[in-house]
Amino acid sequence: METGELACEKRATRPKGQNNALRRSGRVPAILYGPTTSPMALAIDRLELKARISAAAHTRIIKLKSNTAELDGKHVILKDVQRTPVSGEILHADLYEVDLKRAIRVEVPFKFTGKAKGVANGGILAPLERTATVECLPLEIPDLIEVDVAEVDIHDVIHVSAVKFPDKVKAIFDTDYPVVTVLPPTVAEVAVVAAAETVEGAAVEGAAPAEGAAAAAPAEGAAAKEGGDKGSAKKPEAAEKKK
């Protein structure tokens, strides 16, 4: 895995409004911590942090650059990024220091490859998990975990134990959970059957009032001869309601 660089500097945590002033100046407040590192308040340029976040899938390990000796050269990963709910602007970032010689646990996304047999037979590919927890050295963290679904038929399931992980990367799980399956096309079939029943029902219901109307015509004629004004037969509305 490649490493990227990120310039940073220590920041003051007082007075209370310091973070807002920092954001107005184009920088983002951040915190650095780790198993052997005491929490340290940092300031990072917003645009530089954005660029690093967008490249995080390929440069997961970040090397800090700073005029402060205790920060310069440290390797970190982006543990968390907080954003505003509407604009998505970065409010705060958590950086976790790592030791390049010690394994860590991280989440890595799955990538499903190939066309499943079940999909060719009308089924629907249904990923059940999007990421896997793995343990490895920081520089061995993979960009993604490929899962070949070509042989998966309808109702078949691939469990995490059957997924092939890269060398030096260990999958961490308590139970052998399912990762992906192919569902039968039940939803599509139900929709087709429902549509067919609707069309058939409309035709049958529409026929009955038509016969009634035809039968009512002679009676209306007879009433007319007696001078009565009974009005015309009612139109069949069933077919219209079905639309």
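A salt bridge, as the term is used here, is a side-chain nitrogen of Lys or Arg within 4 Å of a carboxyl oxygen of Asp or Glu. What you have open is a predicted model, and by this rule the count of salt bridges in it comes to 8.

Select R105 and E135 to begin, a pair that forms a salt bridge in which the closest N and O atoms are 3.0 Å apart. R105 lies in strand 8 (residues 104-113) and E135 in strand 10 (residues 131-136), so the pair ties together parts that are 30 residues apart in sequence. R105 is exposed, with a relative accessible area of 51%, whereas E135, at 26%, counts as partly exposed.

Next, select E97 and K74, whose salt bridge has its closest N and O atoms 3.2 Å apart. Because E97 lies in strand 7 and K74 in the loop between strand 5 and strand 6, this pair ties together parts that are 23 residues apart in sequence. E97 counts as buried, at 14% relative accessibility.

Now select R46, K50 and E89, which are linked in a network of salt bridges. Between K50 and E89, the closest N and O atoms are 3.4 Å apart; K50 lies in helix 2 and E89 in the loop between strand 6 and strand 7, so parts that are 39 residues apart in sequence are tied together.

Finally, select strand 3 (residues 27-34) and strand 4, which pair in the antiparallel sense over 7 bridges and are joined by a hairpin through 2 residues. Within this pairing, I31 has A41 in strand 4 as its bridge partner. Strand 4 also pairs with strand 2 in the antiparallel sense, over 2 bridges, and there E9 stands opposite A43.

Terms used: Residues are numbered from 1 along each chain as its sequence is written. This is a predicted model: local features need pLDDT of at least 70, side-chain atom pairs count only at pLDDT 80 or more; totals for chains, interfaces and linings use all residues. Side-chain values use heavy atoms; hydrogens and water are left out. Two strands pair if DSSP finds at least two bridges between them. Helices (H or I, at least four residues) and strands (E, at least two) are DSSP runs, numbered from the N terminus. Buried means under 20% relative accessible area, exposed over 50%, partly exposed in between (1.4 Å probe, protein chains only).
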